[in-house]
Amino acid sequence: LKTILLCIVIVTIASAQQFSDFSKKGSTWFGGGLNFSSIGIEGERVGILQASPILRFFPNDHFMVGPSISWTGMFVDGESINQFGIGAEIGGVFNGGGNAFPYVRSGGSLALIGSSGESITGFSLPIAGGVIIPIGRIFALQIEPSFTITWIEEMNFNVFSISFGICGIGEKSAVSVMQGMSGLTSLF
């Protein structure tokens, strides 16, 4: 109950503040995520590490574009499988009157997967939406659920994940640091 009351107080305080709209033409959004998971499967330990930088530009008000770059490594018993993703993303950020900044994003990326000298390629399509909730003058909380579909050869994989993060908001920029709840935001 105390946690719920604290969240209500934080959201109420955030609602009373006035914030700049970082998603105007010429703005930038930087940041990234670094996720680690260790999964036990029938006596084996599988480590999964993912790095995904954020680099988004606003060529028009509230419309963002940018490259999509990611690396995921899966490690088990001295063996590794690596997935590199490179592509582009588009999206939109909406100004909720300074109280919140809901957004949506999607795009596509080529997935290059390699292990022991062999490699295959595929395609990934993320569909995500989220909200940035300002707390104070420049600090904000962020939540982003996403659904990613990856097609490789004749198979497809889909992953649902939720990322939480913190964000700094300036006059014409934002910086996000996100942490995924599953760590399995791509093929693995």
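Analyst: Searching the whole structure gives six aromatic pairs, where rings of Phe, Tyr and Trp (its six-membered ring) pair if their centres lie within 6.5 Å, and planes under 30 degrees apart count as stacked, over 60 as edge-to-face and the rest as tilted. The pair of Phe-22 and Trp-29 is edge-to-face because the ring centres are 5.6 Å apart and the planes stand at 85°. This is a predicted model, in which local features need pLDDT of at least 70 and side-chain atom pairs count only at pLDDT 80 or more, while totals for chains, interfaces and linings use all residues. Residues are numbered from 1 along each chain as its sequence is written, and side-chain values use heavy atoms, with hydrogens and water left out.

Phe-22 also forms an edge-to-face pair with Phe-101, at 5.3 Å centre to centre and with 70° between the planes. Because Phe-22 lies in the loop between helix H1 (2-16) and strand E1 (28-41), whereas Phe-101 lies in strand E5 (residues 101-115), this pair ties together parts that are 79 residues apart in sequence; helices (H or I, at least four residues) and strands (E, at least two) are DSSP runs, numbered from the N terminus.

Phe-22 is buried, with a relative accessible area of 0%, and the value of 0% also makes Phe-101 buried, the term meaning under 20% relative accessible area (1.4 Å probe, protein chains only). One aromatic cluster is formed by Phe-22, Trp-29, Phe-58, Phe-101 and Tyr-103.

Key:
Buried means under 20% relative accessible area, exposed over 50%, partly exposed in between (1.4 Å probe, protein chains only).
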